[in-house]
Amino acid sequence: YAKYVAANPGLTDLELRFRVMDRFDGVVQILTIAGPNVESIAGPRDAAELARVANDELAALVDRYPDRFVGAVACLPMNDIDAALREAERALDRLGFVGVEIFTDIAGKPVDAPELMPLYAMMEERGLPVLLHPRGTSSTPDYPGEERSRYLAFTNFGWPHATSVAMSRIAFGVFPRHPRLRVLTHHAGGMIPFFHKRIELSWDFNRARMGYDGDGAPLDEPPVSYYRRFYADTAIQGNPRALECAHEFFGPGRMVFATDAPYDDLMGERLYREPIAAVEAMDISAEERARIFSGNARELFRLDG
């Protein structure tokens, strides 16, 4: 992680960050912490303290630079759900945050673990989103007997896979219990939009021919309908056709602009230039494009009041 920080000065150098933002008209940011998530590097007590410090710093940045940062999303110590609930309540109610962030596994536990349901209930009641970010490092090998992942497979393919697996746990383990919960997925919804017809066929075959019971999920709609409840961002670094695939799947009201800046080779500039160009090249209406660039985020994060 120290190497990542050194390679991405825009994470901490605000003047550099602002210079890059100024190259693109109208760009503002909603802040989240960079990796690692605190529960992956600290025990419950220290994670709670790290989350508190991080959130206080995010709040200070939003207060100091309101024309740059229109809101922040809370870091939570997810290895202590009681502490996470207290910190979420503090961040949302006292600091004015616009959502919370979780990762695709909670220190190895699934995102539909029973102890997490109070957090989802809280966010459903407040009508604010849970941001879902993938997790994984090169230290986890792709094959047994190796020491690490190679050729960046852990991030290029492992992260979309982790997102998709976590989405399946939320779709069938959380949404049936909390149908009004808003969850924003990173990287345009992982693998789900591209593979949604395979998902349909797989469920139909396994139910009709294999006796599959959906692992007990209490579904009132076709399985793919639960995946369509997610929101998705545009952070796939360009590719208008892929964005159109996600846009068609989730619908015009559920895609929000995001970039992954500053994680590129040009200090974040490339991660604005290419996604902006890709959204502009999508075969959609001007109204739908405006919703992606700002309208959907304003509604999702309640930025207009």
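Ala, Val, Leu, Ile, Met, Phe, Trp, Tyr, Cys and Pro count here as nonpolar, Asp, Glu, Lys and Arg as charged, and the others, Gly among them, as polar. The model is a predicted one, in which local features need pLDDT of at least 70 and side-chain atom pairs count only at pLDDT 80 or more, while totals for chains, interfaces and linings use all residues. Residues are numbered from 1 along each chain as its sequence is written, and side-chain values use heavy atoms, with hydrogens and water left out.

The account begins with the sheet. Five strands form an open sheet in the order β3-β4-β5-β6-β7, with parallel pairing. β3 (100–103) and β7 (255–256) stand at the edges with a single partner strand each, so one side of each is left without a neighbour in the sheet. Strands are DSSP runs of E of at least two residues, helices are runs of H or I of at least four, and both are numbered from the N terminus; two strands pair if DSSP finds at least two bridges between them. Strands of a sheet pair through backbone hydrogen bonds, either parallel or antiparallel.

Helix α7 lies across β4 (130–133) and β5 (183–185), running at about 140 degrees to β4. Such angles run from 0 to 180 degrees between N-to-C directions, and the axes are lines fitted to C-alpha atoms, for helices over the stretch in contact; contact means heavy atoms within 4.5 Å. Ser164 has its place in α7 (residues 158–173) and is buried, with a relative accessible area of 10%. Leaving out residues up to four places away in sequence, Ser164 touches Gly189, Gly190, Met191 and Ile192. In the loop between β5 and α8 (192–210) lies His186, which is buried at a relative accessible area of 9%. Beyond its neighbours within four places in sequence, His186 is in contact with residues including His133, Thr163, Asp233 and Asp260.

Helix α2 has six of its eight residues buried, so it is largely enclosed by the rest of the structure. The cover over these buried residues includes β1 (29–31), α3 (44–64), β2 (69–72) and α11 (269–281).

The whole structure holds two cavities of 30 Å³ or more. On a 1 Å grid over the protein atoms alone, a cavity is a set of points where a 1.4 Å probe fits but cannot get out, and lining residues have an atom within 4 Å of a point. Grid points are joined across faces, edges and corners, and a volume is the space filled by probe spheres set on the points. The largest cavity has a volume of about 60 Å³. Helix α2 (residues 14–21) gives the most to its lining, with four residues, and the lining divides into seven nonpolar, three polar and one charged. The second largest cavity has a volume of about 50 Å³, and Glu101, Ile102 and Phe103 are among the residues that line it.

Note on methods. 1 Å grid on protein atoms, 1.4 Å probe; cavity = no way out; pocket = protein on both sides within 12 Å on 5 of 7 lines; lining within 4 Å. Buried < 20%, exposed > 50% of the residue type's maximum accessible area, 1.4 Å probe, protein only.
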